[in-house]
Structures are given as C-alpha cells and as structure tokens.
Amino acid sequence: MRRWLWCVVFSCFSVVAQPDDSAQAWMDKMAAALKQLNYQISFVLVQPNGGFEPYLWRHAIEDGVEVEHLSLQNGPGREIVRIGDLVSYFEPNVPAYSIRSTSINGPLPVTLFRQPELLNNSYDFVVVGRSRVAGRSAQQIRIVSKDRSRYGYNLWLDQDTGLLLKLDMMNLQGEPLEQVQVTSLHVTPEPDEYFSRIEAEKMPDVVLLNEAEPVPGRWKVNWLPAGMVEVRRDMHRLPLTGKMVDYIMLSDGLIDVSLYLQAVEPGASENGWLKYGANTLLSLQKGPLEITVVGKLPPQTANAIANSVQYIEAPQ
C-alpha cells in the first residue's frame, strides 16, 4: 500500500514538474524571444517557381528600447530600421522616409510572431513533433484554419530559444506554396555592433499616411472565413485605369485580403481567377458590379467572399 501511494505521489509530481509543451506555450515562448533577445538571423524566402529572396534580420534591446534591422541581400537592396516605434525605410530611387509603427512590414507575418494569441479565433495550433532544422533541434507546430477555408502552415521553432527556424505555407493538399528557411541563427548577450552606429536623430522625417475618408457602408460582405474581419474601408485609384473604386481590407491577423468594388456595364468584364504561388486574384461580375479579390487564400474561398458581396442602396 505504501509503495502504491509513493508511486502515485511521484507520478503526480512528475506531471506537474514537466515543462508546458502545449502549442500555446511554444507560441508564447517564440513571441517573448523575438521581443527580448539579441539575435541575428539570416533567412531565405522561397517561392514554388524557384525564386528566392535572402534577408538579414537583426534585433536587440538597447537601453531598454527595442531596435530592429531587416535587409534584403540581393539586388540594389532594401533596408528597414526600427527604433522603438519609429520605422525608417531606405530603398533605391525612393526618398528615405519614416512612419510610426511598433513592427516592420516585411515577409514575415507580424501578428503570428508578435501576438499569436490574436489568431485563436481563426486558427488552431497543434504540437506535431521534434526534428532538426538549420543544424538545431526544433519543435514543429502545425497551424490549421478553423474552417479549412485558408492555407495552413508548418512552423519550426528553435528548441532552446523559441526563435523561428522555418515556416512553410501549405495549400489544401498539403503542398508547399511559400517557405521561409533560416540559414543561420546567432543569439548574443550583447546587441550587434550594427546598432551602435545608428543615430536616431538622423533618421528620415516621419510621413503621415494619407487616410482617405471612409466611404458609406454601401457594400456588405455577407460571408467571411472564421476569425476574418473588415479592418479598413475607403476609396482607391486603380493604377492601370485611374478609376476610383471602393476598397475593403479584410484580415484574420495572419493574412490580409483586398476587395475592389466598382460599377460596370453588364457584360463588360469576364469572371476568372489567376494564381501565382500563394497569391490569388479573382474577378467576378454580379450584374452591374465587378468585384475583385486579392490575397493569399484558395481561389474557392476568394470566390465565396466575392459571391457574398451585396450592394446596399443608400437611403433617399
């Protein structure tokens, strides 16, 4: 009897003492590591057609302030520097400028890495198993759309630090559409010397983004994937035609989807869709309305969104 009680107590103690290996715990570990550690990561964004873009990503905490640098390594180059909530962009043939933001707009989904808990309404996170990526032990997490209306992801996190090692976007058949592959990862006790050369007072002036006046709610989107919401509505000028069209931005926190809506003559446009890698462009004419959907989502989901759009007559 005494031996049985000892086994029960020991078993319970062992369960309690084990680290939390849940998907949520791993996502929290990643988010904390990305914000708090000093690191330098080289990674490549790989497209299914064989195209790739290599990046260098630095991050550090200097005097209690979060600083970050993202650099495109091929071609003329593109540099983005963040100091706290000041993000400065340096691109060829474009005057340097700064905006106010707490994150860099790059090839990695910001919400996934910074605030993964905001994705819980849209995606399920599942612990899969452990493997080896970029020469390091890694924990794999599968990210699945709750209603299977969007692409899924496989995410590999460094076992020791929780930092990103690999991210695959998968189509509905489980085939890769895009891949982020880390080629080197260095975590250091002190910030990279690159940041010591940055002079905050010499960063470009902050530009104010032109916020168009919101248009009246003439358009109603009657169906959206689970967790996706409307985040913006205004007017856009189409670059090819110069026409002003109604614009709606949708987001689930991981992907953004753009809707362009305009009145056209009956039969003036053709229904159809184009797909490039993960990107879908779908055009649908409903009577006198042309609806265009652009985003990283399956064509059938883009079609369902477009077909749900309804025009609401303004009250007289």
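Which residue in β15 stands opposite Met-249? Ser-258 does. The model is predicted: local features need pLDDT of at least 70, side-chain atom pairs count only at pLDDT 80 or more, and totals for chains, interfaces and linings use all residues. Residues are numbered from 1 along each chain as its sequence is written, and side-chain values use heavy atoms, leaving out hydrogens and water.

**Open sheet**
- Six strands form an open sheet, ordered β13-β14-β15-β18-β17-β16, with antiparallel pairing. Strands are DSSP runs (E, at least two residues), numbered from the N terminus; helices are H or I runs of at least four. Two strands pair if DSSP finds at least two bridges between them.
- β13 (229-237) and β16 (272-276) are the edge strands; each pairs on one side only.
- Six bridges join β14 (residues 244-251) to β15 (residues 256-263).
- Helix α4 (residues 299-308) lies across β14, β15, β16, β17 and β18. Its angle to β17 is about 30°. Axes are lines fitted to C-alpha atoms, for helices over the stretch in contact (heavy atoms within 4.5 Å). Angles run from 0 to 180 degrees between N-to-C directions.

**Strands β1 to β3**
- β1 (residues 38-46) pairs antiparallel with β2 (residues 52-62) over eight bridges.
- Eight bridges also join β2 to β3 (residues 65-72), again antiparallel.
- Trp-57 in β2 is the bridge partner of Ile-41. Its partner in β3 is Leu-70.
- In the β2 and β3 hairpin, Asp-63 has a positive phi of about 55°.

**Gln-140**
- Gln-140 is in β8 (residues 136-145).
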